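Grab a pencil and work through these exercises one by one. Try each task yourself before you read its solution.

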Amino acid sequence: MATEIVSPEGLSGSAPPPKQFGVTKPISVAGPTEVDAQRSRELEKFLVDSGLYESEEEETKREEVLGRIRQIVKDWVKQLTHLRGYTDQMVENANALIFTFGSYRLGVHGPGADIDTLCVGPSYVNREEDFFFVLHNILAEMEEITELQPVPDAHVPVMKFKFDGISIDLLYASISLLVVPEDLDISNVSVLYEVDEPTVRSLNGCRVADQILKLVPNVEHFRTTLRCVKFWAKRRGVYSNVTGFLGGVNWALLVARVCQLYPNAIPSMLVSRFFRVYTQWRWPNPVMLCPIEEDELGFSVWDPRKNPRDRTHHMPIITPAYPCMNSSYNVSTSTLRVMMEQFQYGNNICQEIELNKSLWSTLFEPYLFFESYRNYLQVDIIAADADDLRAWKGWVESRLRQLTLMIERDTYGKLQCHPYPHEFVDSSKLCAHSAFFMGLQRKQGEIVQEGQQFDIRGSVDEFRHSINMYMFWKPGMEIYISHVRRKQIPSYVFPDGYKRPRHPRGTNQQPSDKQSCEHGDACQTGSGERHVKRKKDSNGVDAAQDTPDKRHRSPTGEGSVSPEASQRFSSTSPVCVPFREGNDACQLDGLRSGQVWMEAGGRSAVESFNTGKKTTSPMDIEAECGSNSSTVTSLASEVGSCEDVGILSVAGSSEGNNGSIEGSNNLGCSHSDSCDADSESLLENVSEERSGALQDGSGKEFEPNAANGIILEPVGALGLESQEKQLVRLSFKSPA
């Protein structure tokens, strides 16, 4: 009889080592205390009371809508199979599948959220004609479908619509199979064989969502924590991938990594650790859930060794499915700064919660964006109707991030922009309208001389030209960029249409009187008319009389961006003026206090507009007009440093960031936190790995990140000839 040899470990009965999640060892494997469990119950109750969970009726309706869409795409593919002359057997076997991804697939969607869906079809059904033309026409004829908007030229081509009131984002991927099996495993890399880049990007959303759920220790704890973090990000104004912050998948990856670092923690612990980790994260060290996988298919993966562009990413958050990509390439230095400030805010509040000095509700207090800066850029977008505005706004919003990058580039990072991801609508206007805002401040610590100015004329002009490349421009689609000081923020951006009282400062919150002017002849307010005197040149000739119609433009957009001498929305009704022959455009009426400087035919004139109130702010609104262009606005104003209201100092640094692939070093506990038992061991491990080169899971080294900022080369020389120019000058003046 054979004798079984038992190892000493077997005799001791020790269990096998726990599974490691992620590319490093966990920071702590400690479980919750009773206090932690109580805090989690309070947190989940707060989330429920905040309306973050949809009802069973809503969930049932979503499932019914998805079922209808599945049947529609199956019938669509069968129809195309028949039209292309395939056999009856092929028609019978023809199939298309619907997969979900995003918040719905991850199980963290809330009431009213859209459903991200992917249609996978056979190789002979293409995207360009079959999806965006044939299927589009089928959907357009259905009564249940509203707000149908195809976006074929997007980075990930998508068709947006509402089905019985539920928002749907539908992607399409044609895989290299004649028949799509019902049990298709989309996580298998074989689905990527012989497909193009847009198809890979379309498939990646579903593949990433599936991988995330596989790579977290506890799915339910992950979902609760992610729901909490997403709600926090929206309240604090840092939830928007298109604006340069983070979107749903980015936040999901960040939360998943914290779940890996604390595998036995429950939601209340994970939320606290989330802010602790990312307050101290040394960007641009990447966040990764698993080693970067390289496959023989040859698709480009995130690799700063090979791809110079990857070295310029500020906040790399790498997707876990092949081909691994940086999901947060939109982040700029300005938006990273804002997010780091908000991480610090969250960390401070969580420390107070752990000391029983604050409640969970404090963490989710909204960010007071319009009380945090002295100066703002306002971007007004208008169109003839709601359908035109939806398409026009989507185009403009997708490029607002470029304006931030251009300003950063042209001011060498000295002027910082904070784009606010929420849109605002003035419902009192007769035209379709939407507005976005950016906070402006000089870089902290910059020494500014008396009267120093930031001339971002070229930045705004370059942005204007990029906007005017819109292929589907229609008459009435206009964009106006103007400068407003805090006290001039329009009232419609505030809750219930009024401005929040600012108790610490006692600033007058009443909106300035606005005026509606036509050609500068007369300005009228809501109660009457005012005549504005027009200064004339030395010959007594009206300097503006031979100025051409300032609102004339072509589809290529000459003059489409610059507002008419800072004509803006006011509390009065909009004035509709001739736009082009046979078309009207809604004029943005009202003038800010200040001055409008105009040039025509080489002569200059000054038109002074007074709101009736004494203006103490040193703001000049100037306009420069060429003989063949529309009015151009130039702005000069103080831009002080960011005020203390809702603003915290930036935590963390990108210096010394050429270390390990994980940036989680120095994740120690503050003096007010209870330190986890295994923190020191992790720090030692990470310290050993930080040898001056980035490493992936296969032991390969990444070259140190040599570039920490996005450097955009100037696009041509922007002259100051008679062509229209958008001048935004921000001058700094020393306080008296």
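**Exercise 1. Get an overview of the chain.**

Step 1: Start with contacts, meaning heavy atoms within 4.5 Å. Residues 24 or more positions apart account for 73% of the chain's contacts with a separation of 6 or more.

Step 2: Know what you're looking at. This is a predicted model, where local features need pLDDT of at least 70, side-chain atom pairs count only at pLDDT 80 or more, and totals for chains, interfaces and linings use all residues. Residues are numbered from 1 along each chain as its sequence is written, and side-chain values use heavy atoms, with hydrogens and water left out.

Step 3: Check burial. Buried means under 20% relative accessible area, exposed means over 50%, and partly exposed is in between (1.4 Å probe, protein chains only). Of the chain's 736 residues, 54% count as buried.

Step 4: Look at secondary structure. Helices (H or I, at least four residues) and strands (E, at least two) are DSSP runs, numbered from the N terminus. Here you get 16 helices and 22 strands.

**Exercise 2. Classify the ring pairs Phe46–Phe364 and Tyr373–Tyr376.**

Step 1: Recall the rule. Rings of Phe, Tyr and Trp (its six-membered ring) pair if their centres lie within 6.5 Å; planes under 30 degrees apart are stacked, over 60 edge-to-face, and the rest tilted. The structure holds 37 such aromatic pairs.

Step 2: Take Phe46 and Phe364. Their ring centres are 5.0 Å apart and their planes sit at 20°, so this pair is stacked.

Step 3: Ask what the pair connects. Phe46 belongs to helix 2 (residues 34–49), while Phe364 is in the loop between helix 12 (360–363) and strand 6 (375–383), so the pair ties together parts 318 residues apart in sequence. Phe364 is buried, at 2% relative accessible area.

Step 4: Now try Tyr373 and Tyr376. With centres 6.1 Å apart and planes at 80°, the pair is edge-to-face. Tyr373 is buried, with a relative accessible area of 1%, and Tyr376 counts as buried too, at 0%.

Step 5: Zoom out. Ring pairs link Tyr373 and Tyr376 into a cluster with Tyr367, Phe369, Phe370, Tyr420, Phe424, Phe437 and Phe494.

**Exercise 3. Find the arginines that lie over the faces of Tyr53 and Tyr345.**

Step 1: A charge sits over a ring if NZ of Lys or CZ of Arg is within 6 Å of the ring centre and within 35 degrees of the ring normal.

Step 2: Apply it. Arg227 lies over Tyr53, 4.1 Å from the ring centre. Over the face of Tyr345 you'll find Arg236, at 3.7 Å from the ring centre.

**Exercise 4. Explore the nonpolar cores.**

Step 1: Define one. A nonpolar core is a set of buried Ala, Val, Leu, Ile, Met, Phe, Trp, Tyr and Cys residues joined through side-chain atoms within 4.5 Å.

Step 2: Find the largest. That core has 90 residues, and Phe222 and Trp251 have the most contacts inside it. Leaving aside neighbours within four places in sequence, Phe222 is in contact with residues including Leu106, Ile212 and Cys259.
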